[in-house]
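Let's read a structure together, one feature at a time.

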Amino acid sequence: MVHFPTCLKEIMTMNTTPSQFQLLPNPTITKAGEFRPKLNVPFIVKDLFKPGEVAMIAGAPGLGKSSIMAAGAAHAAQGRDFGGLPVKNAVVIYYAAEDAYGVLCRAHPYMQDPACANAPFYVVHGAPNLLDPEAPEKVAQFVAAKKIEHRCDQALVVFDTLNRCIGEADENSSSAMGTVVGNAAYIAQSANASVVFLHHVGNGNADRPRGSSAFHGNVDSLCLLSKAPEAGPSKVVLLNAVKQKNAQELGPLPFRLDSFKIGTDSEGSAVTVPMAVPMEPNSFAKPKEPSNENRKPAPKTEERRADIERVLFELGNTEPGSFFQPTEIAARSGSAFNEVRNSDSLRVAVRRALEALEKAGKAEKGAKGYRLAQEVTTSGGAGSA
């Protein structure tokens, strides 16, 4: 005869631990028949980095992990599509545990334009020990403060590299590395952030991250870097998404590792910085299934108004009381305008958003352009996000 538990206490204690119930004293329950999957899943880089998830990019030394991540972070901070993938604006907190100067150099080609001066891309010189019990909450609070400051509802948090963020712990320890990934998941979920680890692959084994199998098992997204075959004289690497949680399958994303000239030194020699250039994933990509959805996408009116209000807010913080030309505002516009980025339609779309904000009393028009309405600046502040 099969024995069934006769009391709730027995049921709760079977195959579990007390700590699990301490963490979830009042669990959320959803009736499966009433559930409907989301059509528009939030993302930072579509199908690659999503808020609330932990990702990892692993590769051998010299394959451009930091260059590619710095390029992606710069695109996220500005809300610019990246390597053929749609991008949504995000505050970027990049913990450069190994080489902060090098990360800044790698981001420079994409951040040098004056229009990027206010883009929320922060490089932290050093990184916390993610095995410190207090670290996750401190990081989450810092990220939350920066999101409020920039009126942005999501973030991209990078730890470069993983082995510099675990103190004296052994990266082969499944227990310790499980805790590290768990703490990263806490940051991701509490700060509505995508947390990305940069890591190395194993010696002689480029098919998996170095160290504990907890990395592959516990992260939501895992990407491996490899050299592109037949790349010719250019150094081309492929970012291969080998694990994606609840995302469409991606083909390999190609990047050309190049250099960017920043000037000439006192001896007359050219000075360059490393640069990862996203390439359109054409010949490297897997064929995509044709879409059977012919309806036009819904207009982004409200999203565009909110984005221009964000731009006016940040410009007002830089030059209080000043008015700004629509062209200056358009140059700082984010992901809501990517569909019209390189066309005359951008000017029209930005002007419509400005006129709508003026009509709603959120923007003021003057002889020299537009600014955020002063009562909004005074009463809203950075905490209104």
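Q: How are α8 and α10 oriented relative to each other?

A: Two packed helices are described by the angle between their axes and the distance between the axes. This is a predicted model, where local features need pLDDT of at least 70, side-chain atom pairs count only at pLDDT 80 or more, and totals for chains, interfaces and linings use all residues. Residues are numbered from 1 along each chain as its sequence is written, and side-chain values use heavy atoms, leaving out hydrogens and water. Here helix α8 (residues 301-318) and helix α10 (residues 345-359) pack at about 80°, with axes 9 Å apart. The two are therefore roughly perpendicular (65 to 115 degrees).

Q: Which residues make the contact between α8 and α10?

A: Contact means heavy atoms within 4.5 Å. From α8 come Arg304, Arg305, Ile308, Glu309 and Leu312, and from α10 come Ala349, Val350, Ala353, Leu354, Ala356 and Leu357. Eight of the residues in this contact are nonpolar, none are polar and three are charged.

Q: Is glycine 64 buried or exposed?

A: Buried means under 20% relative accessible area, exposed over 50%, and partly exposed in between, with a 1.4 Å probe and protein chains only. Glycine 64 has 15%, so this residue is buried. The glycine sits in the loop between β1 (54-58) and α3 (65-78).

Q: What does glycine 64 touch, not counting residues up to four places away in sequence?

A: Glycine 64 touches Leu225 and Leu257. The C-alpha atoms of glycine 64 and proline 274 are separated by 8.9 Å, though the two are 210 residues apart along the chain.

Technical notes:
Axes fitted to C-alpha atoms, helices over the stretch in contact; angles between N-to-C directions. Helix = DSSP H or I, 4+ residues; strand = E, 2+ residues; numbered from the N terminus. Parallel < 35°, antiparallel > 145°, perpendicular 65-115°, else oblique. Nonpolar A, V, L, I, M, F, W, Y, C, P; charged D, E, K, R; others polar.
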